[in-house]
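Hi,

Here is the structure I said I would pass on.

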Amino acid sequence: MIRFLYRTIMTIGTPVIELILLIRVWLGKEDPTRVNERRGKTQVARPAGELVWLHASSVGESVTALVLIEKLTKINSSMTILLTTGTLTSAKLLTTRLPKSVIHQFAPLDRPAWVQTFLNHWSPNLVLIMESEFWPTQIQQIKNRDIPIIIVNARLSKRSYARWQWTRKMSRSIFGNLDLVIATNPEQAQRFINLGAPCVEVGGNLKRSAAKLSLNKKSVAEISKQVGGRKIWLAASTHEGEDLTVIRTQKLLQHQFPDLLTIIVPRHPKRGSSIQRLGEANGLCVSRRTLNEEITLETNLYVADTLGEMSIFFDIAPFVFVAGSLVPVGGHNPIEPAHFNCSIFFGPLMAKNQEIADEMIRSKAALQMDANGSLAKLLEDLFNDNELATMLSNNAKEYAESGNAILDSVFGSITPFLKSLR
């Protein structure tokens with residue numbers, strides 16, 4: 001019944017869906033020049049030969065997908081890879097990081113006619129879906145065409161798992177159509193088995209295999225010169241609701257550490273101006289990267305409101321707060337700063353990366369605040385305990401560099417499907 005209602009709503013609800021698209025364009029959440037891709041339409045021709053469709057929902061999944069894409073292109077350079085994402089931020093990030101041979105498109109919304117248009121044009125030979133993007137119409141239409149579907153780095157949050165259990169008949173019709181689920185750990189594997197997936201394996205968390213972010217050494221040298229010998233920390237990928245906590249932490253600690261510099265890299269760069277206003281309203285001297293403002297001796301808050309430059313600040317800042325963890329976003333990937341030998345810490349809300357967070361805590365490669373913890377107190381402890389900071393940074397780097405075996409494991413599970421394409 002639920003599946004029927006869903007299909008009916010997505011079929012006859014075109015006016016509402018079109019209105020939502022228009023609103024998203026107006027809000028800057030869709031590219032107006034490419035919005036037709038959300039309807040399954042494109043002006044890009046499909047290359048001849050075999051095509052693998054890899055879907056990664058947002059920034060986190062896209063970054064994880066890059067390591068898989070690199071491996072795929074090395075194995076079979078004649079095969080076309082089509083990467084779809086669902087957010088404008090991920091698309092902008094990928095423009096500088098995707099191999100030229102990979103085609104990027106925005107994923108079609110789950111309306112039957114639009115999914116059909118997409119599949120008719122691209123006609124993929126294999127579909128790889130990253131993590132937890134399960135769209136009923138999409139999966140059913142792919143299966144109707146007898147195209148293999150593999151879920152890579154498969155995971156379900158407790159909330160998502162509970163929802164799928166509640167719609168058991170619908171969930172079995174979806175998960176039962178998956179040819180292979182490669183779960184991040186045994187607990188996740190059992191969830192997919194319970195939901196009806198016929199073939200489930202444990203491959204490990206592919207996020208651990210992500211390569212170190214590329215680095216613009218010229219920019220590092222320029223900013224390092226501006227910073228000089230000051231004490232510095234980074235709040236990476238902050239969301240609305242976290243910036244004030246970061247700003248208050250700077251205000252509290254600068255009395256004890258007068259040369260302290262806080263760098264904020266917002267998850268969404270367009271928030272740069274609002275963060276600047278918030279910092280100035282709290283008495284801080286703020287410089288912004290998009291305004292080409294340098295870090296001076298007076299600057300105590302630097303807002304790096306750009307895309308694709310996070311590695312610069314990971315390289316410069318020895319202390320990194322992984323944001324998205326003080327608000328119910330689920331926390332961002334702490335592996336990225338771990339490659340840069342940083343002392344890493346995060347808030348209590350790490351649901352999207354809970355497995356990695358737990359492993360890093362057990363390995364003494366990161367610290368986590370509890371729900372009532374103080375960011376300022378944790379940072380103060382790190383500043384005053386060089387032995388603790390060194391242990392965290394060394395362990396984090398070791399943890400990050402031990403993930404290649406996971407990529408080999410995941411790719412070993414995918415290989416039989418790739419051989420059938422040759």
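With 5 of the 5 residues of β4 buried, the strand is largely enclosed by the rest of the structure.

Before you go further, some ground rules: this is a predicted model, where local features need pLDDT of at least 70 and side-chain atom pairs count only at pLDDT 80 or more, while totals for chains, interfaces and linings use all residues. Residues are numbered from 1 along each chain as its sequence is written, and side-chain values use heavy atoms, with hydrogens and water left out. Helices (H or I, at least four residues) and strands (E, at least two) are DSSP runs, numbered from the N terminus.

**The sheet around β4**

What is the order of the strands in the open sheet of 7 strands that holds β3 and β7? The order is β3-β2-β1-β4-β5-β6-β7, with parallel pairing; two strands pair if DSSP finds at least two bridges between them. β3 (103-106) and β7 (200-202) are the edge strands, and each pairs on one side only. From one strand to the next the twist averages 20°. (Axes are lines fitted to C-alpha atoms, for helices over the stretch in contact, and angles run from 0 to 180 degrees between N-to-C directions.)

Some of the pairings, if you want to click through them:

- β1 and β4 are parallel and share 4 bridges, and Trp-53 sits opposite Val-127 in β4.
- β4 and β5 also run parallel, joined by 4 bridges; Ile-129 has Ile-151 in β5 as its bridge partner.
- Strand β2 (residues 80-85) is joined to β3 by 4 bridges, again parallel, with Leu-83 opposite His-104 in β3.

Helix α6 (residues 136-144) touches β1 (51-55), β4 (126-130) and β5 (149-154), and its direction makes about 140° with that of β5. Helix α9 (residues 186-194) touches β5, β6 (180-183) and β7, and its direction makes about 175° with that of β7. Contact here means heavy atoms within 4.5 Å.

**Two residues to look at**

Is Ser-62 buried or exposed? Ser-62, which lies in helix α3 (residues 59-75), is buried, with a relative accessible area of 1%. Leaving aside neighbours within four places in sequence, Ser-62 is in contact with Ala-56, Thr-85, Ser-90 and Leu-94.

Glu-50 is in the loop between α2 (14-26) and β1, and at 29% relative accessibility Glu-50 counts as partly exposed. Not counting residues up to four places away in sequence, Glu-50 touches Met-79, Thr-80, Asn-125 and Leu-421. If you want a distance to check your loading against, the C-alpha atoms of Glu-50 and Ser-173 are separated by 28 Å, and the two residues are 123 residues apart along the chain.

**The other sheet**

Another open sheet has 7 strands in the order β10-β11-β9-β8-β12-β13-β14, with parallel pairing. β10 (286-288) and β14 (367-368) stand at the edges with a single partner strand each, so one side of each is left without a neighbour in the sheet. β10 pairs with strand β11 (residues 301-303) in the parallel sense over 3 bridges, and Ser-287 stands opposite Tyr-302 in β11. Helix α17 (residues 386-400) packs on the sheet, touching β12 (319-322), β13 (343-346) and β14, and its direction makes about 90° with that of β13.

**Helix α11 and its partners**

Helix α11 (residues 243-253) packs against helix α16 (residues 375-384) at an angle of about 50°, with the axes 9 Å apart. α11 and α16 are therefore oblique to each other (under 35 degrees counts as roughly parallel, over 145 as roughly antiparallel, 65 to 115 as roughly perpendicular and the rest as oblique). From α11, Thr-245, Val-246, Thr-249, Leu-252 and Leu-253 meet Leu-375, Ala-376, Leu-379, Glu-380 and Phe-383 of α16.

The axes of α11 and helix α12 (residues 272-281) come within 10 Å and cross at roughly 40°. Asp-243, Leu-244 and Ile-247 of α11 make this contact with Ile-275, Leu-278 and Gly-279 of α12.

Cheers

How values were computed. Buried < 20%, exposed > 50% of the residue type's maximum accessible area, 1.4 Å probe, protein only.
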